[in-house]
Amino acid sequence: MARSGLAAAARVARWADAALGPGRDSATDDGKATLSDATAERAARDLGLTPAQVRADWDTARLAGLVEVHGDSARPGWRLRAWDRDDSAVLRGWVALFDAWSLAHPEPAGQEPAAVAEVVSAMPQALSFLQLSAGPVPVEQLLDLLEQRVTELRTARCEIPYGPRPEPTAEPEPTDAPLAPLLDWALRALASVGALTYGDGQATLTPLGSWAVWVKLEQICVAAQSPAGNIEQAADDMLRGCAQLRPNAARAEYRAWLAARPVGSAVTELLGAARGEDALLRGLAFEALRVVGAPAEPDVRGVLEEPTLRPYALLWLAEHDGADPEDAHEVLTREEATWLWVDTAAAVADHGEAPLLVRHLESAVQPTVPMLLDEVRAVGHPRTVQVLVALAAAHPDPALAKAVRRAAFQVHTGGS
């Protein structure tokens, strides 16, 4: 249902990708990635549509993330690239459109911006009521619910009128007059994105709309189950709080933390934590990015040129592209794998126990310890000395510990 609902938008986005790429005609003329008249007319001719249909589909593509706006230009989004192979990308695109319902349909003229904002804030409750009703709901009932919610919002802001109060009239003024047209607008907008059907004085959630509301409610419940305060922490502190948790519990924490934030800012925070000096947080940050999934792909690709993050990013991308996690390491060069071994050993040395550091030797790609030491010395990791010293102190074999200490001394003094 999501795929069919976005098919027209995907068609226009694909046309733009083929016809308006770098070095070709510009799609826009207003600095906002809005289609120019000439481009809309050209697309209409090529696709057998009217310019108005092209513009509507283009706007839908932008809201669904099939097209990404960068300054005064637009380019295909990751969801369009993954359209044919990833159903979750299609669903995420529709959810993005669902979240932007208030932008998908023009609001009625002459309405106060504050009233429009109140209705937008109140509609999640109305959608939840529709979802619980599991069938048609009369508009009058939704209007009553909307009035109650708007009143609650105004009371929470302590909106007390200033100045002399008017004398009470014999007949109180109806309170639904200003909200009725806004409810009509909201229902039409939600219908335009495929979240509900609206007509004959009633509204009904579509199966896709019901699913979306359920997902939103689930996210709220997951967030509410997060340990006290952890969901409000910055990425660094959140990751530290998850360091002692079992993998499943940690993933639940990541989901709760992510549910409370826009995806873009959450990914930026996680990559910022990964750039720090704590190697443990680097590994945990990419575990959290695995929970994010496909929306993180462009940002993860963007750090491939950063030596500190490159091995983690390569593994993340390999797994994202379908590689078995046990085989993903094959995408790393020998040098990258060695760097990652040292970085992981640094995390173990800082936060783990000595036996775990000794067992970490088994994960090295080198078949012998002397080969590992030679390549570790050459890789240039800033924590090499500390890792080797800690390994020498932990290893029970005196001869091997001596060799490791010698390697640490050579790295420290710059010798060979």
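Leu-91, Trp-211 and Trp-214 form a nonpolar patch on the surface of this predicted model. Together, the three residues have about 280 Å² of accessible area. Trp-211 sits in helix α11, which covers residues 207-224. Its relative accessibility is 31%, so Trp-211 counts as partly exposed. A residue joins a patch of this kind if its relative accessible area is over 30% and it has no salt bridge.

The protein as a whole has 416 residues, and 42% of them are buried. It contains 22 helices and five strands. The accessible surface comes to about 22,200 Å². Carbon and sulfur atoms account for 54% of that surface. Contacts between residues at least 6 apart in sequence were also examined. Of these, 62% join residues at least 24 apart.

Helix α13 was checked for its length. The helix runs from residue 247 to residue 259 and holds 13 residues. At 1.5 Å a residue, α13 should span 18 Å. Several α13 residues are buried: Ala-250, Glu-253, Tyr-254, Ala-256, Trp-257 and Leu-258.

Leu-145 belongs to helix α9, residues 139-156. Its relative accessible area is 18%, and Leu-145 is therefore buried. The cut-off for burial is under 20%. Beyond its neighbours within four places in sequence, Leu-145 is in contact with Gln-125, Ala-126 and Phe-129. Ala-122 is 23 residues away from Leu-145 along the chain. The C-alpha atoms of Leu-145 and Ala-122 are separated by 9.0 Å.

Charged residues come next. Asp-57 is found in helix α4, residues 51-63. Asp-57 is buried, yet it has no salt bridge. The nearest side chain of opposite charge is that of Arg-11, 6.9 Å away. A salt bridge requires a side-chain nitrogen within 4 Å of a carboxyl oxygen. Not counting residues up to four places away in sequence, Asp-57 touches Ala-8, Ala-9, Val-12 and Leu-49.

Elsewhere, salt bridges do form, and the count comes to 17. One of them joins the side chains of Arg-282 and Asp-343, with an N to O distance of 2.8 Å. Arg-282 lies in helix α15 (residues 279-292) and Asp-343 in helix α18 (residues 334-351), so this pair ties together parts that are 61 residues apart in sequence. Both partners are enclosed by the burial rule. Arg-282 has 4% relative accessibility and counts as buried. Asp-343 is buried too, with a relative accessible area of 0%. Apart from neighbours within four places in sequence, Asp-343 is in contact with Ala-279, Arg-282, Tyr-312 and His-381.A second salt bridge joins the side chains of Glu-297 and Arg-301, at 3.0 Å from N to O. Glu-297 and Arg-301 are four residues apart in helix α16 (residues 297-301), so about one helical turn separates them. Glu-297 is buried, with a relative accessible area of 11%. Arg-301, at 38% relative accessibility, counts as partly exposed.

The side chains of Arg-334 and Glu-375 also meet in a salt bridge, with an N to O distance of 2.9 Å. This pair links distant parts of the chain, 41 residues apart. Arg-334 is in helix α18, and Glu-375 is in helix α20, residues 369-379. Arg-334 is partly exposed, with a relative accessible area of 40%. Glu-375 is partly exposed as well, with a relative accessible area of 23%. Salt bridges that share partners join a further set of residues, Glu-287, Arg-290 and Glu-319, into one network.

Key. Residues numbered from 1 in each chain as written. Predicted model: local features only at pLDDT ≥ 70, side-chain atom pairs only at ≥ 80, totals over all residues. Heavy atoms only, no water. Patch = residues over 30% accessible without salt bridge, like charges linked within 9 Å, V, L, I, M, F, W, Y side chains within 5 Å. Areas by Shrake-Rupley, 256 points an atom, 1.4 Å probe, with all protein chains shown as cover. Helix = DSSP H or I, 4+ residues; strand = E, 2+ residues; numbered from the N terminus. Buried < 20%, exposed > 50% of the residue type's maximum accessible area, 1.4 Å probe, protein only. Lys, Arg positive; Asp, Glu negative; His and termini not counted. Contact = heavy atoms within 4.5 Å. Expected span 1.5 Å × (residues − 1).
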